Amino acid sequence: MVAGGAAGALGRPVARAAEPAVVAPGEADYARLTLRGYNRRFVAQPRRIHLPGTTAEVREAVARAVRERLPVGVRSGGHCFDDFVDNANTRALIDLERLTEVGWDQRYRAFSVAAGAELSTVYDRLGRWGVTIPGGICKGVGAGGHISGGGYGPLSRRHGLVADHLYGVEMVAVDARGEASVVVATRDGPHRDLWWAHTGGGGGNFGVVTRFLLRSPDADGGAPRPGGPPPPGATRARRGRGRRNRCCRRG
């Protein structure tokens with residue numbers, strides 16, 4: 001979760017420090033939030049759960065955990081079947097369920113998808129511009145883990161992975177001095193190596209992604225509509241007789 005010193009030192013400054021909503025053991029919502037993961041074999045019991053609603057609040061949550069030397073787990077949709085987040089070592093859980101905005105970012109000329117948005121929300125809102133991403137069919141999956149893990153779905157044979165359309169990431173990184181800052185890494189701009197690290201290798205090792213900037217490689221970002229592949233008229237998933245879609249099964 002610690003990024004290189006250069007990325008943190010050159011990060012975009014945050015206007016103000018914000019204290020995110022925090023849920024402690026025994027408080028309302030603690031049980032619900034610890035049980036969001038699909039595999040009930042693994043249930044974290046963190047000292048506190050942060051519910052940031054802005055990038056600034058994510059930065060403060062990370063900074064506080066670093067100051068107190070608490071191992072951090074980050075959750076977007078909760079579909080991970082392993083114990084990467086829900087494990088005994090997680091002491092500060094940062095839950096991104098409040099970060100759900102999807103829209104067009106004029107500054108970066110790309111679609112902005114918050115890390116906590118579920119795929120159903122992403123498809124619906126991007127569809128209003130006549131574009132989509134080649135993501136999965138399980139619509140409750142959170143964008144955070146899906147995109148940073150590559151993002152594969154029924155349209156991938158035609159349009160590649162979601163990561164192939166990743167123009168940049170906005171994230172909270174920690175430098176060698178232990179300072180948390182907001183960094184924007186793009187395909188053709190600053191911190192290109194940090195952008196590359198999020199194009200399919202999995203998330204969680206370099207910081208906390210707060211939003212993804214999506215633009216197809218052959219688009220110049222001059223207008224929203226050509227910024228991504230067109231949505232299909234319909235999709236159909238093949239399933240074996242009498243079997244549920246395995247990606248939606250609870251562990």
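**View 1. The whole chain, by helix and strand.** Helices (H or I, at least four residues) and strands (E, at least two) are DSSP runs, numbered from the N terminus. The protein chain has seven helices and nine strands. This is a predicted model: local features need pLDDT of at least 70, side-chain atom pairs count only at pLDDT 80 or more, and totals for chains, interfaces and linings use all residues. Residues are numbered from 1 along each chain as its sequence is written, and side-chain values use heavy atoms, with hydrogens and water left out. Buried means under 20% relative accessible area, exposed means over 50%, and partly exposed lies in between (1.4 Å probe, protein chains only). Of the 251 residues of the protein chain, 51% count as buried. A contact means heavy atoms within 4.5 Å. Among contacts in the protein chain with a separation of 6 or more, 65% come from residues 24 or more positions apart.

View 2. Two strands pair if DSSP finds at least two bridges between them. This open sheet of four strands has the order 1-2-4-3, with mixed pairing. Strand 1 (21-23) and strand 3 (72-75) stand at the edges. Each has a single partner strand, so one side of each is left without a neighbour in the sheet. From one strand to the next, the twist averages 25°. Angles run from 0 to 180 degrees between N-to-C directions, and axes are lines fitted to C-alpha atoms, for helices over the stretch in contact. Strand 3 and strand 4 (residues 92-95) run parallel, joined by four bridges. Val72 has Ala92 in strand 4 as its bridge partner. Helix 3 (residues 55-67) packs on the sheet and touches strand 1, strand 2 (48-51), strand 3 and strand 4. The direction of helix 3 makes about 160° with that of strand 2.

View 3. Six bridges join strand 7 (residues 166-174) to strand 9, and the two run antiparallel. Leu166 stands opposite Leu214 in strand 9.

**View 4. Thr210, a buried residue in strand 9.** Thr210 lies in strand 9 (residues 208-214). Thr210 counts as buried because its relative accessible area is 3%. Not counting residues up to four places away in sequence, Thr210 touches Thr55, Val58, Leu99, Ala114, Ala115, Glu170, Met171 and Val172.

**View 5. Arg98, a loop residue.** Arg98 is found in the loop between strand 4 and strand 5. Arg98 is partly exposed, with a relative accessible area of 43%. Gly53 is 45 residues away along the chain, yet the C-alpha atoms of Arg98 and Gly53 are separated by 5.3 Å. Beyond residues up to four places away in sequence, Arg98 touches Ala21, Leu51, Pro52, Gly53 and Glu57.
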